[in-house]
Amino acid sequence: MGRKPTRKSDPVLSPDPVAIREVRRAKVDMDFENQSLLVPLFGQFDANLVQVENRLGVFIAARGDQIQIEGPEDSVARARDVLRAMYDRLAIGQDLDAGAIESMIAMSDEPTLDGIVRGEPEGPPIMIRTRRKTIVPRSAMQATYMRSLVRDDIIFALGPAGTGKTYLAVAQAVSQLINGSVQRLILSRPAVEAGEKLGFLPGDMKDKVDPYLRPLYDALYDCMPPEQVERRLASGEIEIAPIAFMRGRTLADAFVILDEAQNTTREQMKMFLTRFGQNSRMVVCGDPKQVDIPGGDRMSGLADAVGKLEGVDGFGTIRFTAADVVRHPIVGRIVEAYEGPVE
């Protein structure tokens, strides 16, 4: 039985060009000059290649110093860029872990990916050098943040947990302390419990406040050898204190970081910001959606300060979202589930 002929009155449906583009397949071959980098590039049991395959929906075959990528055209292009970025990261001596790969995958459709990995052609690479590591941005917003850290006097870094707000600020502070740009590093945060009352804590003042400041210690030890951290703490070059100890001081020649700033009152925030002195830089980090003080959002000094000072000369405001989370990918999905999808 023959196929029914098409009548002139029957509409002729042309295929959707978008659908065609989505299903078009491609195959790309890549080779790498430095074969000594192939083992860390592929990962143990090719784990890094599997991670790229699973996230981008492509098939990657490794043969000697060559890689073949096959799959949907757009995904193959992204996988190629990610693998090249991974190789370039290893070539400049940077570590490559699952978190770094995940960030490169997330950034693979951003125009800033090449600039993040290799540095902008017209300027120096975007990176922070400390004694223990050299840090490069893991998202486009982190790149913007790192530029702000060297440009603006006072920076508001807002966003959910896991976006690198505090870590990058501490890394920049350590870098400036090491190269002599500042004489002191001052880390502070309000001593507010996250939804529970811990009651009386034993020990001297340091013992009482240290549990609240532990994230700042963790970032310090990740950027400097432990013995240097201890020596600089003892000498006063690095000072870690609750915000209550800031009243009456002028913080000159210092890099000052206020963490968990959403838990300051309006009076505390005004007091803290007015401590700013000559040749200083101040970074105020916080998540406006995790306020633990009585009264909630309407009493938060962070939201009040951003509302009053955003756009004022010398101030920079960086807003991270769930898409900028650089911890395990599931953290970003948790933030999105609680706070809604990124607009």
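Glu 237 is partly exposed, with a relative accessible area of 25%; partly exposed lies between buried, under 20%, and exposed, over 50% (1.4 Å probe, protein chains only). Glu 237 forms a salt bridge with Arg 232, whose closest N and O atoms are 3.0 Å apart. A salt bridge places a side-chain nitrogen of Lys or Arg within 4 Å of a carboxyl oxygen of Asp or Glu. Arg 232 is buried, at 9%.

The model is predicted: local features need pLDDT of at least 70, side-chain atom pairs count only at pLDDT 80 or more, and totals for chains, interfaces and linings use all residues. Residues are numbered from 1 along each chain as its sequence is written, and side-chain values use heavy atoms, without hydrogens and water.

The structure holds 7 salt bridges. Among them, Asp 152 joins Arg 151 at 3.2 Å between the closest N and O atoms. Asp 152 is buried at 10% relative accessibility, whereas Arg 151 is exposed at 54%.

An open sheet of 3 strands has the order β1-β3-β2, with antiparallel pairing. Its edge strands, β1 (25-31) and β2 (59-63), each pair on one side only. Strands are DSSP runs of E, at least two residues; helices are runs of H or I, at least four; both are numbered from the N terminus. Pairing requires at least two DSSP bridges between two strands. β1 and β3 (residues 66-72) pair over 7 bridges. Arg 25 has Pro 72 in β3 as its bridge partner.

Helix α3 (residues 47-56) packs on the sheet and touches β2 and β3, contact meaning heavy atoms within 4.5 Å.

Technical notes. Axes fitted to C-alpha atoms, helices over the stretch in contact; angles between N-to-C directions.
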